[in-house]
Amino acid sequence: MINDSPSPENKVISLEGKKIKKIKYDALNNPEQFWSECAKNLVWFKQWDKVLEWNPPFAKWFQDGKINAAYNCIDKHLKTELKNKAAIIWEGENGESITLTYNQIFYKVNQLANALKKIGIKKGDRVTIYLPMIPELPISMLACARIGAIHSVVFSGFSSQSIADRANDSKSRIIITADGGFRRGKVIPLKNIVDEAIEKIPSIEKVIVVKRTNREITMGEKDLWFDDFIEKESIYCESEWMESSDPLYILYTSGTTGKPKGVIHGTGGYLTHLYSSAKWVFNFTPTDIFFCTADIGWVTGHSYIVYAPLMHGVTEIMYEGAPDFPDQGRYWKIIEKYGATILYTTPTALRAYMRYGDNIPNSYNLSSLRLLGTVGEPINPEVWLWYFNIIGKQNCPIIDTWWQTETGGIMISMCSGIENIKMKPGSGTFSLPGIEVEIVDQNGEKLENGKKGYLTIKKPWPGMLISLWNDDDRYKKTYWEKIPNSYSAGDFAFIDKDNYIWILGRSDDILKVAGHRLGTIEIESAYISHKAVGEAAVTSKHDEIKGESIIAFLVLKSGIVSSEQLNKEMKEHIRNTIGPIAIAEKIYFVNKLPKTRSGKIMRRLLRSIVNKETIGDITTLEDEASIEEIIYEMNELNKYL
Ligand code: WT7
């Protein structure tokens, strides 16, 4: 099937007169010259002196260049015909809609920036943002960027404990939140969650609250209403001249230890990567209506809802709610209503829509679409074909974009605007210009085509993370020491005979549940913090919709007996320590966990058991255990399943 895949004509548009082969060739031969040409698409207050200062593994892109992200997203359009163009068409879950032009966004961003300055927020200070998908979210991020404050957005599905952990790690001075947010018709009490968190965050001076739901909330001493806070402020605030490698934001993401990592992105390099990748991959044009369905709480939203589309002056749709609310055609209805030309969504959403049946999308007019994208997890070929046939009516190329919170922007994807290649469902195709991908074994030896190995990136690229917040050492160890002299992505992949790249999933203890990234050890730590739990092991099971679902094995402390009540309590406990996305599909209460001789939990054995894989699949996985031990452990555990 894969070889018979459809290959629609993808009109090749030349980029600055060059074709993709030439672009990739230039990038390979002289990367610094290449990226420097790319950076010239942005507005700089002062040109850089040096393109790349590379002290492995620390990169400084466009050294001594001065730039501001908010200026590049808004101000630069104000002297053009884009000034009064719709920047964001926002749709609330309940159907209400607001359109904000570039000029209107400018107004609000400046007012908020001035208000923040007035309470003493300055360049380098950290601001935690815990907002639902409402226009105040990008506005708050841009206001921070304008004055050089570093935003740290926490996904609004996370718990008060998660907010506290992140805000304490970054020592945030303020939190911007809302009285509540809508999700499937219900109100999520965001302000109450923040109130709980605040008690544990000594550094917080003020809480700015957006009114979204009209729910009754108590306003405490530190609390200020967002509208009152900005109301009297003037509409102009000078943009801070940021050094190119000054942090733009911190975004916490799950790693292979208990504590989430604060990924830091810089300014000039990050924006250059975003501008260029968006140009090559989406080929934004002035008539585009871009619909990215991600939540801004994750990196996709940071890069491809906030920074890249606004830099390009695109009109984009921002949707507040769930894909299946109030019915199973919500995305299609939004596309029809606003005439979206590009849809960028996740395999999980597509798998769910595919299951609801073709009649639903077929009853909407989706003819405005010209390009379809996916991101976040591997897409099954049959879902890819459904997307291509039913949603795109065979007229829209599909871009399967691979990247990570750490990479900042897209790294592997077909570049729909500049190349015409045969698509293969399930493959991201090739790396972007300037990005050198290699599949290697544990020792960093390059593998031949067809062999599965570790996905690495050979050279620094402009969007790469600057470091981890307060943890240069962990940055080095996590990304640059696992495989010698390369950035190690943590994914398995292979390259086929035609040089197409195929991503096979994570090679470490990270799960992708409905496209959300969660660390097994992070979830285990959450279980262990419950008084009844002695030991915990978390793994995942293949899931038809979500890709993976969480399965937990818990050993209770002696004297404690498992019960339905305890099962419920565990659910609540996880909801409160991480958030609903980390709740297990199933919990098994067991007497002991399978461990290797050195005492490591055999998580991969657990994964094989829950996925009903055979012994043959497992023996190579658990190096330290003998086959007898593995068979014994499997039999023991199978008693529970
Ligand atoms: C991990 C990164 C990319 C922004 C959102 C997720 C997986 C991402 C793909 C894809 C197969 C993918 C990888 C990666 N992933 N895109 N197109 N095909 N897998 O960012 O939460 O940092 O997760 O998502 O496993 O390492 P993230």
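**Backbone, helix packing and a pocket**

At 32% relative accessibility, aspartate 64 counts as partly exposed in this predicted model. Aspartate 64 sits in the loop between strands S2 and S3 (66-67), and its phi is positive, about 70 degrees, although it is not a glycine. Asparagine 214 also has a positive phi, near 65 degrees, without being glycine. Its place is the loop between strand S11 (206-210) and strand S12 (223-225), where asparagine 214 is exposed, with a relative accessible area of 63%. Most residues other than glycine have a negative phi, and most peptide bonds are trans.

Two cis peptide bonds can be described next. The bond from proline 56 to proline 57 is cis, with omega near 0 degrees; proline 57 is in the loop joining strand S1 (50-55) and strand S2 (58-63). The bond from phenylalanine 325 to proline 326 is likewise cis, with omega near -5 degrees, and proline 326 belongs to the loop between strand S17 (315-319) and helix H11 (330-338).

Turning to helix packing, the axes of H12 (residues 347-356) and H14 (residues 381-391) come within 10 Å and cross at roughly 70 degrees, so the two helices are roughly perpendicular to each other. Leu350, Arg351, Tyr353 and Met354 of H12 meet Glu382, Val383, Trp386 and Tyr387 of H14. This contact has 6 nonpolar, no polar and 2 charged residues.

The second largest pocket holds about 590 Å³ of space. Of its 26 lining residues, Leu28, Ser431, Ile435, Glu436 and Val437 are the closest to the centre. Helix H1 (20-29) gives the largest share of the lining, 5 residues. By class, the lining comprises 13 nonpolar, 4 polar and 9 charged residues.

Terms used:
Residues are numbered from 1 along each chain as its sequence is written. This is a predicted model: local features need pLDDT of at least 70, side-chain atom pairs count only at pLDDT 80 or more; totals for chains, interfaces and linings use all residues. Side-chain values use heavy atoms; hydrogens and water are left out. Axes are lines fitted to C-alpha atoms, for helices over the stretch in contact, and angles run from 0 to 180 degrees between N-to-C directions. Helices (H or I, at least four residues) and strands (E, at least two) are DSSP runs, numbered from the N terminus. Angles under 35 degrees count as roughly parallel, over 145 as roughly antiparallel, 65 to 115 as roughly perpendicular and the rest as oblique. Contact means heavy atoms within 4.5 Å. Ala, Val, Leu, Ile, Met, Phe, Trp, Tyr, Cys and Pro count as nonpolar, Asp, Glu, Lys and Arg as charged, and the others, Gly among them, as polar. On a 1 Å grid over the protein atoms alone, a cavity is a set of points where a 1.4 Å probe fits but cannot get out, and a pocket is an open set with protein on both sides within 12 Å along at least five of seven lines; lining residues have an atom within 4 Å of a point. Grid points are joined across faces, edges and corners, and a volume is the space filled by probe spheres set on the points. Buried means under 20% relative accessible area, exposed over 50%, partly exposed in between (1.4 Å probe, protein chains only).
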